[in-house]
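Subject: Handover of a structure

Dear colleague,

Please find the structure below, together with its sequence. My notes on what was found in it follow directly after.

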Amino acid sequence: MSSDKAGTGNGKPSMRDALVTAAFRLFLERGYEQTTVDDIVALAGVGRRSFFRYFPSKEDVVFPDHERCLADMTAFLAAGTGDEEPVRRVCDAARLVLRMYAENPTFSVQRYRLTKKVPGLRAYELSVVWRYERALADYLRRRFAARRDGTLQADVIAAAVVAAHNNALRSWLRSHGQGEASAAMDHALAYVQSAFGDAPAPAAQEQPEDVVVVVSRRGAPLWRVVQEIESTLGRA
């Protein structure tokens, strides 16, 4: 179930994956509140110490991949050269979270349904989302340090990215993970980019063509008209 696919090297799932699989099997069969850590470790065939080596609490087993994803996002933002357009960079960072969900649609949909039913898990999920938002805002604050209201801009844009991301993600989860989640995400994040991103440099405008007006006597020979035009252009 977990996105950590390291395994044990002999084709068997890792202990971490086994615990997540056991936990979700029991959550679906009995309900989250009715399942204890002892129930999970008994089904997984490991001891309590093994569970807490991987997961500080029962809530953490529901979100086994968020710590890794947050670390990946933070590293992605830190790896920038400083030349990237900041809003585009945080939008790309948000796509890393989507990729985590899309790696295992079945698990992601199950978790979505579970968190909707359990208020405590919803509160825990909100705390996780807040950490993603803080990571985005911290990056933008550094990039906007020289701007007037740079901190305000950073916080507003980070919140907008998270809102757009969550809107697209939940639409995909409500569709039972069908279709390409990235298309909806690109559409949502495009709103953030258009609202807050730097506008592309305007294309070089063509210089208007010169218009030359020459006044000549009626009946003047053509060569004289041409001569007057050439003389006028030479003075331009």
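I begin with phenylalanine 107, which is buried, having a relative accessible area of 1%. Here, buried means under 20% relative accessible area, exposed means over 50%, and partly exposed lies in between (1.4 Å probe, protein chains only). Phenylalanine 24 also counts as buried, at 1% relative accessibility.

Please note that this is a predicted model, in which local features need pLDDT of at least 70 and side-chain atom pairs count only at pLDDT 80 or more, while totals for chains, interfaces and linings use all residues. Residues are numbered from 1 along each chain as its sequence is written, and side-chain values use heavy atoms, with hydrogens and water left out.

Aromatic pairs

The structure holds 7 aromatic pairs. Rings of Phe, Tyr and Trp (its six-membered ring) pair if their centres lie within 6.5 Å; planes under 30 degrees apart count as stacked, over 60 as edge-to-face and the rest as tilted. Phenylalanine 24 and phenylalanine 107 form one of these pairs, which is edge-to-face, with 4.7 Å centre to centre and 65° between the planes. This pair links distant parts of the chain, since phenylalanine 24 is in helix α1 (residues 15-30) and phenylalanine 107 is in helix α7 (residues 105-117), 83 residues apart. Helices (H or I, at least four residues) and strands (E, at least two) are DSSP runs, numbered from the N terminus. Tyrosine 54 and phenylalanine 55 form a tilted pair, 6.4 Å centre to centre with 45° between the planes. Tyrosine 54 is partly exposed at 34%, whereas phenylalanine 55 is buried at 2%.

The annotated region

The unreviewed UniProt entry places the feature "DNA-binding region" at residues 36-55. UniProt positions are given in the numbering used here, feature names are shortened, and annotations may be inferred rather than shown by experiment. The span 36-55 is 75% helix and 0% strand, and its end C-alpha atoms lie 13 Å apart. Serine 50 lies in helix α3 (residues 48-54). Is serine 50 buried or exposed? Serine 50 counts as buried because its relative accessible area is 12%. Leaving aside neighbours within four places in sequence, serine 50 is in contact (heavy atoms within 4.5 Å) with Met15 and Leu19.

Two loop residues

Most residues other than glycine have a negative phi. Aspartate 149, however, has a positive phi near 60°. Aspartate 149 lies in the loop between α8 (119-143) and α9 and is partly exposed at 47% relative accessibility. Histidine 176 has a positive phi near 65°. Histidine 176 lies in the loop between α9 and α10 (181-196) and is partly exposed, with a relative accessible area of 48%.

The chain as a whole

How many helices and strands are there in the protein chain? There are 11 helices and 0 strands. Of its 236 residues, 39% count as buried. Among the contacts in the protein chain with a separation of 6 or more, 64% come from residues 24 or more positions apart.

Yours sincerely,
A colleague
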